[in-house]
Amino acid sequence: MVDIGSGSGRFLMWLAKRNSSSMNYLGLEIRPKLVTRAEYWINDLGLKNAHFISTNAMVSFQRLVSTYPGPLMLVSILCPDPHFKKKHHKRRVLQKPLVDSIVNNLAHGGQVFIQSDVLDVALDMRNYFDAVPDKLVHIDSVDPSLPCDGDGWVLNNPMGIRTEREIHAEYEGCKIYRRVYKNVQH
């Protein structure tokens with residue numbers, strides 16, 4: 001699993017701890033101080049299946065995942081920086097080249113989990129992934145047990161572990177917009 005924009009890494013660490021024998025986790029974070037702290041915590045916790053790299057995912061995602069010997073089963077992009085001003089939208093982490101790289105490296109049956117508490121950002125991310133319907137489908141079309149609202153937003157965090165931003169947003173009474181895609185490409 002790769003978490004793009006892993007922040008302090010707590011979400012990824014909880015997943016790694018919960019699945020210590022079945023999956024490897026990589027957090028990509030552009031801020032070196034957060035990566036240093038996350039690496040300290042995983043060493044302190046003795047987690048051998050989680051790692052963090054300080055990098056710009058737009059630049060390095062393809063190179064990093066193409067050299068990993070195992071399948072890429074899950075990519076998450078959770079509450080990325082919204083860059084509200086239109087002239088700064090180009091700074092948003094999710095752009096077409098990164099989406100293409102994710103889709104082209106995702107294993108058959110692999111999933112993409114996107115989440116934001118800012119509707120404009122959530123719609124932007126959704127539009128990028130909806131643009132590749134021959135490869136990705138929304139999870140509710142293959143797993144109707146996952147509850148969604150009328151607009152296709154997943155109602156509950158399917159990972160079972162809430163992010164720090166998600167907890168804060170819910171405390172503030174903000175809606176969380178989630179979408180999960182599954183790779184149907186062979």
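Q: At what angle do helix H3 and helix H4 pack, and how far apart are their axes?
A: The model is predicted: local features need pLDDT of at least 70, side-chain atom pairs count only at pLDDT 80 or more, and totals for chains, interfaces and linings use all residues. Residues are numbered from 1 along each chain as its sequence is written, and side-chain values use heavy atoms, without hydrogens and water. Helices (H or I, at least four residues) and strands (E, at least two) are DSSP runs numbered from the N terminus; axes are lines fitted to C-alpha atoms, for helices over the stretch in contact, with angles from 0 to 180 degrees between N-to-C directions. For H3 (residues 57-66) and H4 (residues 96-105), the angle is about 15 degrees and the axes are 9 Å apart.

Q: Are H3 and H4 roughly parallel or antiparallel to each other?
A: Angles under 35 degrees count as roughly parallel, over 145 as roughly antiparallel, 65 to 115 as roughly perpendicular and the rest as oblique. H3 and H4 are therefore roughly parallel.

Q: Which residues of H4 meet H3?
A: Contact means heavy atoms within 4.5 Å. From H3, the residues taking part are Ala57, Met58, Phe61, Gln62, Val65 and Ser66. Their partners in H4 are Pro97, Leu98, Ser101, Ile102 and Asn105.

Q: Which strands stand at the edges of the sheet?
A: Two strands pair if DSSP finds at least two bridges between them. The open sheet has 7 strands with mixed pairing, in the order S3-S2-S1-S4-S5-S7-S6. Each edge strand has a single partner, so one side of it is left without a neighbour in the sheet; these strands are S3 and S6 (136-138).

Q: Which residue in S3 is the bridge partner of glutamate 29?
A: Strand S2 (residues 25-29) and strand S3 (residues 50-54) run parallel, joined by 5 bridges. The partner of glutamate 29 is serine 54.
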